[in-house]
Amino acid sequence: TWHLKKIPQIVRERTFSLDSPKFEAKTKLELNSVCGIECQRKLPVPSLSDLKNLLSYETVFENGTRTLTEVNVLGAVLDPPGNTTTRRPSRKKRQIYGTDSRFSIYDKRFMTNYPFNTAVKISTGCSGILVSPKHVLTAAHCLHNGKDYVKGSKRLRVGLMKTKSRGNGRKRKGTSDGMPSFQWTRVKSTHIPKGWFKGVSGDIALDYDYAVLELKRPHKRKYMELGISPTIKMMPGSMIHFSGFDNDRSGQLVYRFCSISDESNDLFYQYCDAEPGSTGSGIYLRLKEPNKKKWKRKIIAVYSGHQWVDINGEQQDYNVAVRITPLKYAQICFWIHGNDENCTQG
């Protein structure tokens with residue numbers, strides 16, 4: 001069951017104009033030197049002033065201007081760094097583990113209907129998910145490398161799936177029935193938490209690898225709501241699901257599900273088969289609504305990609321996702337609605 005939680009408040013304090021970004025960084029779909037499981041265990045509990053700094057955010061607008069918004073955090077419960085649940089033996093570096101368990105979605109009845117139609121393609125090469133009539137959730141590193149915005153983010157676009165039509169009965173060369181094409185929409189503004197930037201957190205802080213894009217025009221599709229990430233024990237079979245546009249299956253929507261292996265307060269470590277291109281996908285669960293028999297899917301994490309992490313002094317690889325904690329729920333909800341009034345219950 002989805003359990004309602006009281007959400008902290010993110011309150012805007014001041015907004016400053018910044019110099020326009022250079023937009024010179026290269027897009028990098030796999031990160032290095034991030035704080036892994038053992039590193040996270042040793043981290044101090046963030047203070048309220050730390051949280052205010054980490055959850056302040058930059059906004060980049062379509063015309064290239066940029067602002068920094070400082071926030072205050074009200075009602076936050078500061079949890080100590082979480083321990084992990086299970087350990088597995090070391091594996092060689094790969095993003096496909098054993099037999100490839102991904103499913104390519106070809107049938108347009110599935111592809112253009114919920115929940116698969118919530119998956120979108122980002123013009124920098126990543127994926128994302130629709131979270132409102134005008135907003136997309138994705139990974140921060142699809143847009144920013146920790147120091148500067150990536151080249152392709154200056155004229156950022158989001159591709160919403162549509163199935164290719166033959167047109168006048170003739171089939172276009174190089175296309176096939178049931179393969180998605182994209183209706184591209186310009187991005188009006190982009191929000192990235194300050195915790196993602198190097199210099200704020202020392203190195204790239206994977207905990208803050210998320211961003212929200214506001215579209216220039218609203219879409220008319222069903223989107224997926226945000227949810228608070230439960231612990232592994234509260235998930236049916238510890239199973240998560242996500243769909244994205246993996247680079248090795250060009251032009252295909254790829255769906256997968258798997259169980260989570262480890263967790264910290266902010267991250268899920270799992271072996272869901274994935275390849276670059278699916279980074280930024282929304283990870284969701286299907287649980288029952290409180291006091292109802294109805295089931296509902298909600299986004300509980302953002303897929304960040306393949307990472308090396310330290311376990312017992314050894315480098316081990318996982319596919320990692322950033323959990324939507326109550327604080328992150330409050331921030332993302334604030335970005336979507338522009339106030340905290342609609343974000344009190346998660």
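1. Residues in the lining of the second largest pocket divide into 10 nonpolar, 5 polar and 4 charged. Here Ala, Val, Leu, Ile, Met, Phe, Trp, Tyr, Cys and Pro count as nonpolar, Asp, Glu, Lys and Arg as charged, and the others, Gly among them, as polar. Bear in mind that this is a predicted model: local features need pLDDT of at least 70, side-chain atom pairs count only at pLDDT 80 or more, and totals for chains, interfaces and linings use all residues. Numbering starts from 1 along each chain as its sequence is written, and side-chain values use heavy atoms, with hydrogens and water left out.

2. Staying with that pocket, its volume comes out at about 340 Å³. Lining it are 19 residues, and the closest to the centre are Glu-225, Leu-226, Tyr-329, His-337 and Asn-342. Strand 11 (225-226), strand 16 (295-311) and helix 4 each give two or more residues to this lining. Helix 4 gives the most, with 4 residues. For the grid terms: a pocket is an open set of points on a 1 Å grid over the protein atoms alone, where a 1.4 Å probe fits, with protein on both sides within 12 Å along at least five of seven lines, and lining residues have an atom within 4 Å of a point. Points are joined across faces, edges and corners, and the volume is the space filled by probe spheres set on them. Helices (H or I, at least four residues) and strands (E, at least two) are DSSP runs, numbered from the N terminus.

3. How many disulfides does the structure hold? There are 3 (a disulfide being a pair of cysteine sulfur atoms within 2.5 Å).

4. Next, Cys-126 and Cys-142. Their sulfur atoms are 2.2 Å apart, and the S-S torsion is about -95°, so this disulfide is left-handed. Cys-126 is in the loop between strand 5 (119-122) and strand 6 (127-130), while Cys-142 is in the loop between strand 7 (135-138) and strand 8 (157-163), 16 residues apart. Both cysteines, Cys-126 and Cys-142, are buried.

5. Cys-258 and Cys-272 are both buried too. They are joined S to S at 2.1 Å, and with -105° about the S-S bond the link is left-handed. The partners are 14 residues apart, Cys-258 in strand 13 (residues 253-263) and Cys-272 in the loop between strand 14 (267-270) and strand 15 (282-288).

6. Which way do strand 14 and strand 17 run? They run antiparallel, joined by 4 bridges; pairing calls for at least two bridges found by DSSP. Tyr-269 stands opposite Val-320 in strand 17. Strand 17 (residues 314-323) is mostly covered, with 8 of its 10 residues buried.

7. Ser-189 is buried, at a relative accessible area of 3%. Which residues is Ser-189 in contact with, leaving aside neighbours within four places in sequence? They are Thr-59, Val-60, Phe-61, Val-212, Leu-213 and Glu-214, contact meaning heavy atoms within 4.5 Å.

How values were computed
Buried means under 20% relative accessible area, exposed over 50%, partly exposed in between (1.4 Å probe, protein chains only).
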